Amino acid sequence: MTVDEELSRLEENIRRLKIEYEAYFNGGNPHPPNDTLYRVEQAIKRFSNDVSKLSAGHRFRFNQLWKRYKTSKLRTHIIKARARFHLITVSPMSACYKVKR
């Protein structure tokens, strides 16, 4: 797979992640899109490690995609989803623990 195809796939996954998080927060999907998030984060790590091997045009495109991912509301959605998941899984246990004391 060429670098252009990988960058296009990353762009598509970022777009899909945004749509899936919107569906999750609006109640259309009961689970956060962890698999898409994993694919996006792995692609970003892969490109970040090999940024010196990219041409100037590819580096510019990757930086634009990375900034779009980083600065959009998507990052806020991810943080909220992780906090929501943490509260769901930890709060009932801690509440039961406090009751048993």
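This is a predicted model: local features need pLDDT of at least 70, side-chain atom pairs count only at pLDDT 80 or more; totals for chains, interfaces and linings use all residues.
An α-helix has 3.6 residues a turn, so residues three or four places apart point the same way. Y21 is buried, with a relative accessible area of 1%, and Y24 is buried as well, at 7%.

The rings of F47 and F62 also form a pair, with their centres 5.5 Å apart; because their planes meet at 35°, this pair is tilted. F47 is part of helix α2 (residues 34-49) and F62 is part of helix α3 (residues 56-71), so the pair ties together parts that are 15 residues apart in sequence. F47 is buried, with a relative accessible area of 4%, and F62 also counts as buried, at 3%.

The table below lists the relative accessible area of the aromatic residues in these pairs.

| Residue | Relative accessible area |
|---|---|
| Y21 | 1% |
| Y24 | 7% |
| F47 | 4% |
| F62 | 3% |

### The chain as a whole

Four helices and zero strands make up the secondary structure of the chain, and the pattern along the sequence is α-α-α-α. Of the 101 residues in the chain, 24% are buried. The accessible surface comes to about 7,300 Å², and carbon and sulfur atoms account for 57% of that area. Among contacts in the chain with a separation of 6 or more, 68% are between residues 24 or more positions apart.

### The nonpolar core

The largest nonpolar core contains 17 residues, and L10, Y21, V40 and Y69 have the most contacts inside it. Each of α1, α2, α3 and α4 (73-100) supplies at least two residues of this core. The greatest contribution comes from α1, which gives six residues.

What does L10 touch, leaving aside its neighbours within four places in sequence? Its contacts are V40, A43, I44, F47, F62 and L65. This list includes F47 and F62, the two residues whose rings form the tilted pair.

Helix α1 also holds N13. At 7% relative accessibility, N13 counts as buried. Apart from neighbours within four places in sequence, N13 is in contact with T36, R39 and V40. V40 is therefore a contact of N13 and, as noted above, a contact of L10, where the cut-off for burial used for N13 is under 20% relative accessible area.

### The two sides of helix α3

Helix α3 has 16 residues and spans 22 Å from its first C-alpha to its last, close to the 22 Å expected at 1.5 Å a residue. Which residues of α3 are buried? They are H58, F62, L65 and Y69. Seen down the axis of α3, these buried residues fall within an arc of 65°, so they line one face of the helix. On the other side of α3, A56, F60 and T71 are exposed.

F62 and L65 are among the contacts of L10, and Y69 is one of the residues with the most contacts inside the largest nonpolar core.

Technical notes:
Residues are numbered from 1 along each chain as its sequence is written. Side-chain values use heavy atoms; hydrogens and water are left out. Buried means under 20% relative accessible area, exposed over 50%, partly exposed in between (1.4 Å probe, protein chains only). Contact means heavy atoms within 4.5 Å. Accessible areas come from the Shrake-Rupley method with a 1.4 Å probe; for residues, only the protein chains shown count as cover. Rings of Phe, Tyr and Trp (its six-membered ring) pair if their centres lie within 6.5 Å; planes under 30 degrees apart count as stacked, over 60 as edge-to-face and the rest as tilted. A nonpolar core is a set of buried Ala, Val, Leu, Ile, Met, Phe, Trp, Tyr and Cys residues joined through side-chain atoms within 4.5 Å. The expected span of a helix is 1.5 Å times one less than its number of residues. The arc is that of the directions from the helix axis to the C-beta atoms.
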